[in-house]
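Please open the model in a viewer and keep the selection tool at hand.

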Amino acid sequence: MFRRFKAGALLAAIILLVACSPKLDWRKVQSPQERYTALFPGKPDKLERRIPFQDQELQQTLEAVKIDDDIYSVSSTQVPAIQAAVTEKIITQLKNNLFERAKASGGRVVEEVVTYQASNRQKLGTTDYFIVLKPNAKEQQQMRVRWITRQASNGDAWIYQVSVLHANANTDDVKTFLSKEEYANFFNEFYPE
């Protein structure tokens, strides 16, 4: 009798544990080389590459995780001190590429002025962009993206692109949808140096 009770209790505990297991497994990710700390909803994969810009190549690192229909990502691009003057041009090019793609697909872009917190707890202003992309007549994707620029003590500039891409979107209110807690946590818990 005691064995049956013990086995039943163990089975009930396992069922409860599985039932309470969250879909999003939030974890703090520290990237000292890229100079930021972020909260990802799972273990991100990391990809490093060199990207061309004008007559130069820049080092870019992407950390991303896919959870169901969502891709959470942080892209960091290091702009050496001797080239830091082109930082704003790079950000403008990144924005224009994405915005033109949205508009060409019949989508739209909504802006919202927000603040973020640096690792020293200083609050700074930036803009979040809520984007609707329509790759074809049946599909709609939604994206929330934020660009942040930080200057390192050695004069290098760092460009961060923090974004969530949601596939199979079934609502037109992109701003409300991508402001839900599971998305807001990702943006609010990104701390560049």
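The stops below cover the sheet, the pockets and the salt bridges.

This is a predicted model, in which local features need pLDDT of at least 70, side-chain atom pairs count only at pLDDT 80 or more, and totals for chains, interfaces and linings use all residues. Residues are numbered from 1 along each chain as its sequence is written, and side-chain values use heavy atoms, with hydrogens and water left out.

**The sheet**

Begin by selecting the open sheet of seven strands, whose order is β3-β4-β5-β9-β8-β7-β6 with antiparallel pairing. Strands here are DSSP runs of E with at least two residues, helices are runs of H or I with at least four, and both are numbered from the N terminus. Two strands pair if DSSP finds at least two bridges between them. At the edges are β3 and β6 (108–117), each of which pairs on one side only. On average, neighbouring strands of this sheet are turned by 20 degrees against each other, direction ignored; the axes are lines fitted to C-alpha atoms, and angles run from 0 to 180 degrees between N-to-C directions.

Next, select β5 and β9, which run antiparallel and are joined by 10 bridges. Pick I71, and then its bridge partner in β9, L165.

**The pockets**

Which residues lie nearest the centre of the largest pocket? Select R49, I51, Q60, S75 and L94, which hold that position among 19 lining residues. A pocket is an open set of points on a 1 Å grid over the protein atoms alone, where a 1.4 Å probe fits, with protein on both sides within 12 Å along at least five of seven lines; lining residues have an atom within 4 Å of a point. Two or more lining residues come from each of β3 (45–53), β4 (56–67), β5 (70–79), α2 (87–104) and β9 (157–166). The greatest contribution, five residues, is that of β3. The space amounts to about 360 Å³, a volume being the space filled by probe spheres set on the points, which are joined across faces, edges and corners. The lining comprises 10 nonpolar residues, eight polar and one charged. Ala, Val, Leu, Ile, Met, Phe, Trp, Tyr, Cys and Pro count as nonpolar, Asp, Glu, Lys and Arg as charged, and the others, Gly among them, as polar.

Now select L98, R101, M143, Q161 and S163, which lie nearest the centre of the second largest pocket, one lined by 14 residues. This pocket holds about 260 Å³ of space. At least two lining residues come from each of β5, α2, β8 (141–151) and β9.

**The salt bridges**

The count comes to seven salt bridges, each being a side-chain nitrogen of Lys or Arg within 4 Å of a carboxyl oxygen of Asp or Glu.

Select E34 and K46, whose closest N and O atoms are 3.3 Å apart in a salt bridge. E34 lies in the loop between β1 (27–31) and β2 (36–40) and K46 in strand β3, so the pair ties together parts 12 residues apart in sequence. E34 is buried at 4% relative accessible area, whereas K46 is partly exposed at 42%. Buried means under 20%, exposed over 50%, and partly exposed in between (1.4 Å probe, protein chains only).

Finish with R144 and D128, which meet in a salt bridge of 2.7 Å, N to O. Both residues, R144 and D128, are buried.
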